[in-house]
Amino acid sequence: FERHRLRSRRARVNAGEHGRGTGPYSCPPWLIHGRNSPMRILHLLSQRPSHTGSGIAIQAMIREAAARGHESLLLCGVPKDEEPSPEQLDGCEARYVRFLSGESGLSGPSIPPDLPFLIPGMSDVMPYPSTRFADMSDARLDAYEGAFGQAIDRALAKFAPDIIHAHHLWIVTALARGRAPGVPIIAQCHGSDLRQHALCPTISARLREPLGRLDAVLALTRRQQADIQALLDIPPERIHVVGAGYRDGVFRRGAQPSPPPVQLAYAGKLSRAKGVVQLLDALASLKPLAGRWQLHLFGATAGEEGSEVLDRARALGPAVTVHGAVSQEDLAERLAACHVFVLPPSSRACPWWSLRPWRAAADWWSRRSRGSESSSTACPQTSCSRSPCPASSTWTKPSPRTCRASWLSSGRPSGPRSRWPN
């Protein structure tokens, strides 16, 4: 993280660029700090930090920053009755923009919401009640930007960060660029933000100029780097491909039971966009082999798509177990006992989960999607199997005529660690 930001800023300073806009700093602060000097880092996340991949990533950033002596402040969106636990944030101080809650039984204090609607999610289907950006009126967008803008102003005044690490190339990151012109901002792309640019072109058009002035952007793959450059016209030297990662102290190899049954696992949001419905439809064709395979679904779900996934899972009887949302430690233990990890999404640029099952010694299968080849280079080629990605009519909806055949046509994994019954 520091190596990328220092190299990028030094290259710009050597070329005669001394920061962007005007602000309280007369010298770029990340040149004042040595590589190992403590920094004050403001982390920005527009949604809940405990339910999605970006939330897991920001928890890891805060944890690793604290281990290296950096001081962090998190600004994020939460339902009005929820606050992340201190354990999730590693003791990091946090500030919140509060939204209406669509859930019952949340354990936080009952506080009036800053915004009278459900929290917008970066994906159109979130694992909790949410609002879609594409459905927001101009009045709601104005209120959303006003609430986050004021929260950013308060964080800047009180915390005085040396650097801002923002998640998603979307509204809150653009607000930060406009309100903190003198503070270096690094933004991390997760893929879902690029889909929002495609789904909400009117919003996208007014965000491109401030997003184009970011000091650095972190991409998951070179393909995503090219997409960001094309969308925001950011020079390639300011877009750094950092890939994905896993917690090597948690995801470890373990003993696996001998098949049958073959233990299959999927982890992520339980939604149609993630390919879970298509996966269950494909497995329905294997009902005659009941008892020879077992699917484990890890992840939260909500709304109509959640009901659709659960109905299909119930139709397959005891062959499918829905575990719901589990901790990283529990997931690591269960993955270590599975033979095959299935990653059906068709649009994700570089699946975060692809490294975890490899570390836990599971073979894995995925569609040959945007970026899946680059993610698979981190694991032994003999343990990876990819089938062609079906034609897609939108970013997240594969054509129904090609979905069902895709998984079955991939065949069995061919590596020496495959353990499929005859």
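Does Arg179 count as buried, partly exposed or exposed, and at what relative accessibility? Arg179 counts as partly exposed, at 35% relative accessibility; here buried means under 20% relative accessible area, exposed over 50%, and partly exposed in between, with a 1.4 Å probe and protein chains only.

Before going on, a word on the ground rules. The model is predicted, so local features need pLDDT of at least 70 and side-chain atom pairs count only at pLDDT 80 or more, while totals for chains, interfaces and linings use all residues. Residues are numbered from 1 along each chain as its sequence is written, and side-chain values use heavy atoms, with hydrogens and water left out.

Arg179 has a partner: it forms a salt bridge with Asp153, with the closest N and O atoms 2.4 Å apart. A salt bridge here is a side-chain nitrogen of Lys or Arg within 4 Å of a carboxyl oxygen of Asp or Glu. This pair links distant parts of the chain, 26 residues apart, with Asp153 in helix α4 and Arg179 in helix α5 (residues 171-179). Helices (H or I, at least four residues) and strands (E, at least two) are DSSP runs, numbered from the N terminus. Asp153 is partly exposed too, at 33%.

α4 and α5 pack at an angle of about 50°, with their axes 10 Å apart; the axes are lines fitted to C-alpha atoms over the stretch in contact, and angles run from 0 to 180 degrees between N-to-C directions. That makes α4 oblique to α5, a word for angles left over once those under 35 degrees (roughly parallel), over 145 (roughly antiparallel) and 65 to 115 (roughly perpendicular) are set aside. The contact, meaning heavy atoms within 4.5 Å, includes Phe148 and Asp153 of α4 as well as Leu175 and Arg179 of α5.

Helix α4 also reaches toward a strand. Lys158 and Glu93 meet in a salt bridge at 3.7 Å, N to O. Because Lys158 lies in helix α4 (residues 138-159) and Glu93 in strand β3 (residues 93-100), the pair ties together parts that are 65 residues apart in sequence. Lys158 is exposed at 59%, whereas Glu93 is partly exposed at 38%.

Finally, Arg63, Glu64 and Arg68 are linked in a network of salt bridges. Within it, Arg63 and Glu64 have their closest N and O atoms 3.9 Å apart. Across the whole structure, the search finds 15 salt bridges.
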